[in-house]
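Here's a quick tour of the packing in this one, sorted by topic. Have the viewer open and click along as you read.

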Amino acid sequence: DLLHKMNSDNKLSIKSSVETIIKRVRNSINDLNLKNDQIELNQEVLLDYYNLITTNISDQATTIYILHLISREINKSNSILEKKILLSLLPEFFIPFFTTDISVTYPYLSRILTTIQSNMLSGIAPAYIGEIFKKIIFYLFNDEEGKNKNEINKDLFETCQGFCLYNMKLMEMNNQLVGIICLNILLTELDYSFLNKNNFAYYIWDKISLFLDSKFTPKSNLLKYLYDFISKFKIPFKPYVDMAIYKILEYLDNDDPNIRKASLNILGLLISFYPNEIEPIKNSIIKLLTILHNDKDDNIRNKSIYIYNKIK
């Protein structure tokens, strides 16, 4: 274990530095700038934190110990606001290396994701965890201009995607929400030219199709992801249109209006992108759309009439 390799003097000195930073973060909560729920950490505290990381980044045992101490403090905290502020130290870990050599941070990604994982059910909103994840993705996969790098590290990508899918498989609603929110962030933030798109479309459709049939609770988020996925992978998705359309039609009479809306959006997209594939089941679609003309939700009524006219 790396932590056992550290000598006790070094360990004490690091512990003291981290505790000082955490204490100053806690003290600064009162004068925090919480404009539109954005948490901005005190610059002086951040500089000390950056300094601590850059000094130790090449020593894996010490850096993992720093992350371990931060993780422990987040877990110990009783206040949600305090947890959120301490969690915001995680994306800041990458900042000192963003414009120099971000690859020195690669060995620590799993440890950072584990810290996020252990706070998934602590009362922090999934959307906030999504924001933390989004910042991490940005620093890892973009260059200084904020554009996707030419060379995206596949292993890192798979670690991030694995984090999303792992949470989607868990039974707790919060885990599932974080999983699908973060998967959508990966989809919208990267350009995917580094992957074999056909293989990837097969892999993702296989997963999504299982989640559509399973006890995955935030179905409307899942359908929103599928909409974005088809929009981005229009051609590689073509082989799965038949299967997708049958699954989507099942959701058109769901009790939840958000699920009906999300399904209609996908149906509209499939009709626009793949008219030939839709042709064989056109009549069934028209029948279902006719039923939705009387839906109690205005949006759904209007949308179903619009798609009905399009398919006619």
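This is a predicted model: local features need pLDDT of at least 70, side-chain atom pairs count only at pLDDT 80 or more; totals for chains, interfaces and linings use all residues.

**Glu 73, a charged residue inside**

**Glu 73 and its surroundings**
- You'll find Glu 73 in helix 3, which spans residues 60-76.
- Setting aside residues up to four places away in sequence, Glu 73 touches Ile 22, Arg 26 and Leu 86.

**Thr 115**
- Thr 115 sits in helix 6, residues 109-117.
- With a relative accessible area of 1%, Thr 115 counts as buried, because the cut-off for that is under 20%.
- Once neighbours within four places in sequence are left aside, Thr 115 is in contact with Leu 67, Ser 71, Ile 74 and Leu 90.
- Take Leu 90 from that list: Thr 115 and Leu 90 are 25 residues apart along the chain, and their C-alpha atoms are separated by 8.7 Å.

**Helix 10 against helix 12**
- Helix 10 (residues 197-213) packs with helix 12 (residues 241-251) at an angle of about 25 degrees, and the two axes are 11 Å apart.
- That angle makes helix 10 roughly parallel to helix 12, since angles under 35 degrees count that way.
- As for handedness, the crossing of helix 10 and helix 12 is left-handed.
- On the helix 10 side the contact is made by Trp 205, Ser 209, Leu 212 and Asp 213, and these meet Met 243, Ala 244, Lys 247 and Tyr 251 in helix 12.
- Sorted by class, that contact between helix 10 and helix 12 has five nonpolar residues, one polar and two charged.

**What covers helix 12**
- The buried residues of helix 12 are Val 241, Ala 244, Ile 245, Lys 247, Ile 248, Leu 249 and Tyr 251.
- Their cover includes helix 10, helix 11 (219-232), helix 13 (257-273), helix 14 (275-278) and helix 15 (282-292).

**The largest nonpolar core**
- Which residues touch the most other members of the largest nonpolar core? Out of its 108 residues, they are Phe 133, Phe 237, Leu 267 and Ile 285.
- Helix 7 (residues 126-141) supplies the largest share of this core, with nine residues.
- Not counting residues up to four places away in sequence, Phe 237 touches Ala 201, Trp 205, Leu 226, Phe 229, Ile 230, Ala 244, Leu 270 and Tyr 274.

How values were computed
Residues are numbered from 1 along each chain as its sequence is written. Side-chain values use heavy atoms; hydrogens and water are left out. Helices (H or I, at least four residues) and strands (E, at least two) are DSSP runs, numbered from the N terminus. Buried means under 20% relative accessible area, exposed over 50%, partly exposed in between (1.4 Å probe, protein chains only). Contact means heavy atoms within 4.5 Å. Axes are lines fitted to C-alpha atoms, for helices over the stretch in contact, and angles run from 0 to 180 degrees between N-to-C directions. Angles under 35 degrees count as roughly parallel, over 145 as roughly antiparallel, 65 to 115 as roughly perpendicular and the rest as oblique. A crossing is left-handed if the near helix is turned anticlockwise from the far one by less than a right angle, and right-handed if clockwise. Ala, Val, Leu, Ile, Met, Phe, Trp, Tyr, Cys and Pro count as nonpolar, Asp, Glu, Lys and Arg as charged, and the others, Gly among them, as polar. A nonpolar core is a set of buried Ala, Val, Leu, Ile, Met, Phe, Trp, Tyr and Cys residues joined through side-chain atoms within 4.5 Å.
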